Number of protein chains: 2
Amino acid sequence: MKTSLLFSTLLFSVYVSSSFAQEALPEKVPAPAGATVTEEKILLGKTLYFDPRLSKDGTISCNSCHNVMAGGDDNRSFSAGVGAKLGGRSAPTVWNSAFMSVQFWDGRAASLEEQAKGPLTNPVEMAMTDHNLVISRIKNIPGYKALFDKAFGKNSKIDIDNVVKAIAAYERTLITPNARFDLYIKGDKKALREEEIKGFELMKTTGCFACHSGANFAGPTLPIGTGFYMKFPTFPGSAYDTKYDLMKDMGRFDVTKKDEDKHLWRVPTLRNIALTAPYFHNGSVAHLDEAVRVMAKTQLNKDLSKKEVQSIVAFLKTLTGERPVQTMPILPSTDATTLTP
Amino acid sequence: MKTSLLFSTLLFSVYVSSSFAQEALPEKVPAPAGATVTEEKILLGKTLYFDPRLSKDGTISCNSCHNVMAGGDDNRSFSAGVGAKLGGRSAPTVWNSAFMSVQFWDGRAASLEEQAKGPLTNPVEMAMTDHNLVISRIKNIPGYKALFDKAFGKNSKIDIDNVVKAIAAYERTLITPNARFDLYIKGDKKALREEEIKGFELMKTTGCFACHSGANFAGPTLPIGTGFYMKFPTFPGSAYDTKYDLMKDMGRFDVTKKDEDKHLWRVPTLRNIALTAPYFHNGSVAHLDEAVRVMAKTQLNKDLSKKEVQSIVAFLKTLTGERPVQTMPILPSTDATTLTP
């Protein structure tokens, strides 16, 4: 299901053929076969997404680190899980994650469904002992039964597969359309200012879209489960390696244990990038202008001028889309339990 | 402004005269003189209420411990603040807190405005060094300026007073009307089942409404800043003192240092009590039926039968009101900062 080396070797042909044809965000969101979406499933998923009782001590929900009132992340280098334990990689944004063909920085989950299983039992995230505990916790909250019945049919199973199906259905609604860039690419030439267009052109000529291609600025559209990976740094040896600790985390290698996957990372989206500081897998860069400089140097071996960086940053800010107005879920009540450890 | 002994001595006359006249939740919410409420102020307040960047490391918002998607609290004995530090008292519900004449378990804040200043700089809660840091954090988030301008007028001050005024304005919208009890007391005699009415009658005859009187089941209506306090346990010496560690925390004494305030507590609301386990200032009791038994014994020196407890619990569940449908705030973006400690 997953590829890695393939796309780093294919890279430059992809670049030549498609990198200049950036697209607006599609209206249709990809989903695995059979992943039907209903309002009831979305409501259940949203409720679960916001429910901190899905964590060991009742303090961490999906939204704690992937905050949909903000940039879909937590503005931290590393997230704080149960007991304030720190994760090892920066929380990626949940916005438009439905357009990513694999999930996690190392692409180890083929779908949003598979992704959602991870943090629940990660000891530095939601820290549940196992999925059975997640399910018994949910079953002990009486109001969830009706929500599952409405989402999956009367007396449907409350099991981990239905839990993550619902969460993924909700996440597929977390799309940010109508960024100024989208209006521009659809024909409203006044949607971008001159400097922003200059930044767009600069990103083309500099080579940024070699990797950050496609509607989500995260690579070509690939089947769900097939990742688009790049080596970071592609040009090791710059001062940034040490300054931002870029060589420590082996990336996709930790999943595959293949030498060729060392320092390979799923190419992240550039959409809403202005909302999601700090940057990179280790959240080591606080400012967007510095992130642009680091990318140009480490990935393309180019030194950008201050003005070039400014223009590119101006363009990147046009990728901030509209966050939809959402109603808050009303969490079913906990009947007389305490969650303090 | 604040009284304490007064109401514990006045108690039994209050009981005789008013305890049987329970009221529905009023539509009008009390507020300090000059606390004008506008939609813009509420929106700013809601945004601040949900913004975790108001905490030192960006992990804790007001909503973390006073979760308005849930019972207005966090279903924990003690809340977890920045660095997973534990507070010393159980988070009270924010629902209907606007009807409380003083805030905090020990009544040390006269208003919601004054209350909101506390957790921001409490080292085991949001852990900001001081209010100046709160304000500079907010000023560094460019989008807040427009929200303050709309709430308080063009180029209005971004200062701690306006911050807490906005938060309090939002909190005054957190009201849960139309509990089944309210429908009943307004004349819909079918709104309560027989056992629930029995529980209501039992609470009258047992003496529960001596303290839990008034529309909010938290004592008589008093001017803002004037607290209604009771000693807990009023009848010390039961096995519960040890079992639930009831004698350790000195309550209001810690504020006033007066001997007569030892173990005095602001009488909490019974509204939505079924949503807010665990119970008491130390969250030591996980189940509502046990909380009822403990109250009867420690406050009224009565031993309730199992059936009596059942009926009272059935009645208490009719005090769960309607949580209003709320839209999520969209947090203004953090421009290139990282909050990891």
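Modeller: What follows is a short tour by question and reply.

Modeller: This is a predicted model, in which local features need pLDDT of at least 70, side-chain atom pairs count only at pLDDT 80 or more, and totals for chains, interfaces and linings use all residues. Residues are numbered from 1 along each chain as its sequence is written, while chains are lettered from A and ligands numbered from 1 in the order in which they are written.

Colleague: Which residues of helix α5 of chain B are buried?

Modeller: An α-helix has 3.6 residues a turn, so residues three or four places apart point the same way. Helices and strands here are DSSP runs numbered from the N terminus (helices H or I, at least four residues; strands E, at least two). A residue is buried if 20 or more other C-beta atoms, placed from the backbone, lie within 10 Å of its own C-beta, exposed if 12 or fewer do, and partly exposed in between. In α5 of chain B, residues 131-139, the buried residues are B:V134, B:R137 and B:I138. Viewed down the axis of α5(B), the buried residues fall within an arc of 95°, so they line one face of the helix; the arc is that of the directions from the helix axis to the C-beta atoms. The face turned away from that buried side carries the exposed residues B:N132 and B:S136.

Colleague: Against which helices do the buried residues of α5(B) pack?

Modeller: They pack against α4 (112-121), α6 (144-152) and α7 (160-171) of chain B. Contact means that the C-beta atoms of two residues, placed from the backbone, lie within 7 Å.

Colleague: How should I read the crossing of α4(B) and α7(B)?

Modeller: Two packed helices are described by the angle between their axes and the distance between the axes. Axes are lines fitted to C-alpha atoms, for helices over the stretch in contact, and angles run from 0 to 180 degrees between N-to-C directions. The axes of α4(B) and α7(B) come within 8 Å and cross at roughly 115°. These two helices are therefore roughly perpendicular to each other; angles of 65 to 115 degrees count as such, under 35 as roughly parallel, over 145 as roughly antiparallel and the rest as oblique. On the α4(B) side the contact is made by B:L112, B:E113, B:A116 and B:K117, and on the α7(B) side by B:I160, B:V164, B:K165, B:I167, B:A168 and B:E171. By class, this contact has 6 nonpolar, no polar and 4 charged residues. Ala, Val, Leu, Ile, Met, Phe, Trp, Tyr, Cys and Pro count as nonpolar, Asp, Glu, Lys and Arg as charged, and the others, Gly among them, as polar.

Colleague: At what angle do the axes of α2(B) and α7(B) cross?

Modeller: They cross at roughly 100° and come within 7 Å. That makes α2(B) roughly perpendicular to α7(B). Among the residues in this contact are B:I42, B:L48 and B:Y49 of α2(B) and B:V163, B:A166 and B:Y170 of α7(B). The contact of α2(B) with α7(B) divides into 10 nonpolar, 1 polar and 2 charged residues.

Colleague: Which peptide bonds and phi angles deserve a look?

Modeller: Most residues other than glycine have a negative phi, and most peptide bonds are trans. Here a cis peptide bond joins B:F232 and B:P233, with omega about 0°. B:P233 lies in the loop between β1 (229-231) and α10 (240-243) of chain B. The bond from B:A277 to B:P278 is also cis, with omega near -5°, and B:P278 lies in the loop between β2 (264-266) and α12 (288-300) of chain B. As for phi, B:N96 has a positive value of about 65° although it is not a glycine.

Colleague: Is B:N96 buried or exposed?

Modeller: B:N96 is buried, with 23 other C-beta atoms within 10 Å, and lies in the loop between α3 (62-65) and α4 of chain B. B:K257, also not a glycine, has a positive phi of about 60°. B:K257 is found in the loop between α11 and β2 of chain B and counts as exposed, with 10 C-beta neighbours inside 10 Å.

Colleague: How many residues of chain A are in contact with chain B?

Modeller: 39 residues of chain A are in contact with 39 residues of chain B. On the chain A side, they divide into 19 nonpolar, 15 polar and 5 charged.
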